[in-house]
Amino acid sequence: MTRREVFEYALLRVVPRVERGECFNAGVLVYCRAHSFVAARTHLDEAKLRALDPDADVIGVRAALHAVEGVCGGGEGAGQASGDDAGRRFRWLIAPRSTVVQPGAVHTGLTTDPAGEVDRLLDLLVR
């Protein structure tokens, strides 16, 4: 039997007009220390975005979501976080911020497949 390991996850929320506080889920971050694994998957529902803000910068929001995926991947795509380990990149990404793309609360679970959790949670909580 494969050993189940603790993982942490947080939703990525799009808050088109920060002053109003309205938001919707547009991605998920998953971190598993035992596997030195961190990843993000995103899905931007443009109809929801435009419903909350008809003048929203769709290209900018999409770029911000893709930047989170880049930081998770490490290397040159992670910018200043390129030399950080998976845990530090995850902690940086879940830090509270007042921007259009914001992390939600961190939750935990058990898994044998952290990469599979990313897709499962995206389907369950975002799409």
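## E117 in helix 4

E117 is buried, at a relative accessible area of 10%. Buried here means under 20% relative accessible area, exposed means over 50%, and partly exposed lies in between (1.4 Å probe, protein chains only). E117 belongs to helix 4, residues 114-125. Helices (H or I, at least four residues) and strands (E, at least two) are DSSP runs, numbered from the N terminus.

The side chain of E117 makes a polar contact of 2.8 Å with that of R120. A polar contact is a pair of N or O atoms within 3.5 Å; within protein, one must be able to donate a hydrogen and the other to accept it, and residues adjacent in sequence count only if both atoms are side-chain atoms. Leaving aside residues up to four places away in sequence, E117 touches F7, V30, L110 and T111. Contact means heavy atoms within 4.5 Å.

## Basis of the model

This is a predicted model: local features need pLDDT of at least 70, side-chain atom pairs count only at pLDDT 80 or more, and totals for chains, interfaces and linings use all residues. Residues are numbered from 1 along each chain as its sequence is written, while side-chain values use heavy atoms, with hydrogens and water left out.

## Strand 2 and its partners

Strand 2 is largely enclosed by the rest of the structure, because 8 of its 9 residues are buried. Strand 1 runs antiparallel to strand 2, with 7 bridges joining them. Two strands pair if DSSP finds at least two bridges between them. In this pairing, L12 stands opposite G27 of strand 2.

Strand 3 is also antiparallel to strand 2, through 6 bridges. Here V28 faces R41 of strand 3. Strands 2 and 3 form a hairpin with 4 residues between them. In the turn, S36 has a positive phi of about 50°.

## C32

C32 lies in strand 2. C32 counts as buried, at 0% relative accessibility. Residues up to four places away in sequence aside, C32 touches E5, V6, F7, F37 and P114. The C-alpha atoms of C32 and T112 are separated by 10 Å, and the two residues are 80 apart along the chain.

## Aromatic rings

How many aromatic pairs are there? The count is 2. Rings of Phe, Tyr and Trp (its six-membered ring) pair if their centres lie within 6.5 Å; planes under 30 degrees apart count as stacked, over 60 as edge-to-face and the rest as tilted. Y31 and F90 form a stacked pair, 5.3 Å centre to centre with 20° between the planes. The pair links distant parts of the chain: Y31 is in strand 2, F90 is in helix 3, and they are 59 residues apart. Y31 is buried at 10% relative accessible area. F90 is buried too, at 0%.

R97 places its charged end over the ring of W92, 5.2 Å from the ring centre. A charge sits over a ring if NZ of Lys or CZ of Arg is within 6 Å of the ring centre and within 35 degrees of the ring normal.

## Helix 2

Just after helix 2, G74 takes a positive phi of about 70°.

The buried residues of helix 2 are V58, V61, L65, V68, G70, V71 and C72. They pack against strand 1 (5-14), strand 2 (24-32), strand 3 (37-42), helix 1 (46-52), helix 3 (86-94) and strand 4 (101-111).
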